[in-house]
Amino acid sequence: MFQYKPEKAKQLLKEAGYPNGFRTKVLIQQTDVDFFSILKADLAKVGVELELDVREASVYNTIKATRSHSEMTN
(Lines give C-alpha, C1' and ligand atoms only; values in the text may rest on other atoms or scores of the structure.)
Protein backbone atom coordinates (compact mmCIF):
# COMPACT_ATOMS: atom_id res chain seq x y z
CA MET A 1 0.00 0.00 0.00
CA PHE A 2 2.81 2.41 0.88
CA GLN A 3 6.19 2.80 -0.77
CA TYR A 4 9.36 3.99 0.92
CA LYS A 5 11.25 6.39 -1.35
CA PRO A 6 13.95 8.11 0.71
CA GLU A 7 15.51 9.95 -2.24
CA LYS A 8 12.14 11.43 -3.19
CA ALA A 9 11.57 12.40 0.45
CA LYS A 10 14.96 14.17 0.58
CA GLN A 11 14.10 16.00 -2.65
CA LEU A 12 10.75 17.14 -1.28
CA LEU A 13 12.33 18.29 1.98
CA LYS A 14 14.90 20.31 0.03
CA GLU A 15 12.17 21.90 -2.10
CA ALA A 16 10.26 22.77 1.07
CA GLY A 17 13.29 24.59 2.47
CA TYR A 18 14.66 21.84 4.69
CA PRO A 19 17.74 20.59 2.82
CA ASN A 20 19.24 19.22 6.06
CA GLY A 21 15.96 17.94 7.47
CA PHE A 22 14.51 19.15 10.77
CA ARG A 23 13.63 18.11 14.31
CA THR A 24 10.13 17.80 15.72
CA LYS A 25 8.28 16.28 18.64
CA VAL A 26 5.07 14.27 18.44
CA LEU A 27 2.65 13.48 21.25
CA ILE A 28 1.52 9.85 21.13
CA GLN A 29 -0.17 7.23 23.28
CA GLN A 30 1.62 4.14 24.53
CA THR A 31 -0.42 2.02 22.11
CA ASP A 32 1.19 3.85 19.16
CA VAL A 33 4.83 3.38 20.15
CA ASP A 34 5.55 0.47 17.79
CA PHE A 35 4.20 2.27 14.72
CA PHE A 36 5.90 5.56 15.55
CA SER A 37 9.21 3.81 16.28
CA ILE A 38 9.19 2.46 12.73
CA LEU A 39 8.20 5.87 11.38
CA LYS A 40 10.95 7.53 13.43
CA ALA A 41 13.58 5.18 11.97
CA ASP A 42 12.42 5.81 8.40
CA LEU A 43 12.30 9.58 8.89
CA ALA A 44 15.79 9.59 10.40
CA LYS A 45 17.13 8.18 7.14
CA VAL A 46 16.02 11.34 5.32
CA GLY A 47 17.10 13.81 7.99
CA VAL A 48 13.95 14.23 10.07
CA GLU A 49 14.57 13.71 13.77
CA LEU A 50 11.35 12.69 15.49
CA GLU A 51 11.10 12.85 19.28
CA LEU A 52 8.32 10.69 20.72
CA ASP A 53 6.44 12.19 23.67
CA VAL A 54 4.67 9.07 24.97
CA ARG A 55 1.79 9.60 27.39
CA GLU A 56 -0.79 7.44 29.15
CA ALA A 57 -4.20 7.65 27.47
CA SER A 58 -5.93 10.00 29.92
CA VAL A 59 -2.98 12.41 29.95
CA TYR A 60 -2.72 12.23 26.16
CA ASN A 61 -6.45 12.97 25.76
CA THR A 62 -6.27 15.95 28.12
CA ILE A 63 -3.26 17.44 26.34
CA LYS A 64 -4.86 16.90 22.94
CA ALA A 65 -8.27 18.25 24.00
CA THR A 66 -6.74 21.41 25.45
CA ARG A 67 -4.41 21.77 22.47
CA SER A 68 -1.49 22.17 24.83
CA HIS A 69 0.94 19.87 23.00
CA SER A 70 4.23 21.52 22.12
CA GLU A 71 4.48 20.55 18.44
CA MET A 72 2.62 17.65 16.80
CA THR A 73 0.06 15.05 17.79
CA ASN A 74 -1.31 12.03 16.00
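1. In this predicted model, strands β1 and β2 run parallel and are joined by eight bridges. Within this pairing, Thr24 stands opposite Leu50 of β2. Strand β1 covers residues 22–29, while β2 covers residues 48–55.

2. On the other pairing of β1, two bridges link this strand to β3, again in the parallel sense. Here Leu27 has Thr73 of β3 as its bridge partner.

3. Taken together, the three strands form an open sheet with parallel pairing, in the order β2-β1-β3. The edge positions belong to β2 and to β3 (72–73), each of which pairs on one side only. Helix α3, made of residues 57–65, packs on this sheet and touches β1, β2 and β3, its direction making about 120 degrees with that of β1.

4. The largest pocket holds about 270 Å³ of space, and its lining consists of Phe2, Tyr4, Ala9, Phe35, Ile38, Leu39, Asp42, Leu43 and Val46. By class, the lining has eight nonpolar residues and one charged residue, with no polar residue among them.

Note on methods:
Residues are numbered from 1 along each chain as its sequence is written. This is a predicted model: local features need pLDDT of at least 70, side-chain atom pairs count only at pLDDT 80 or more; totals for chains, interfaces and linings use all residues. Side-chain values use heavy atoms; hydrogens and water are left out. Two strands pair if DSSP finds at least two bridges between them. Helices (H or I, at least four residues) and strands (E, at least two) are DSSP runs, numbered from the N terminus. Contact means heavy atoms within 4.5 Å. Axes are lines fitted to C-alpha atoms, for helices over the stretch in contact, and angles run from 0 to 180 degrees between N-to-C directions. On a 1 Å grid over the protein atoms alone, a cavity is a set of points where a 1.4 Å probe fits but cannot get out, and a pocket is an open set with protein on both sides within 12 Å along at least five of seven lines; lining residues have an atom within 4 Å of a point. Grid points are joined across faces, edges and corners, and a volume is the space filled by probe spheres set on the points. Ala, Val, Leu, Ile, Met, Phe, Trp, Tyr, Cys and Pro count as nonpolar, Asp, Glu, Lys and Arg as charged, and the others, Gly among them, as polar.
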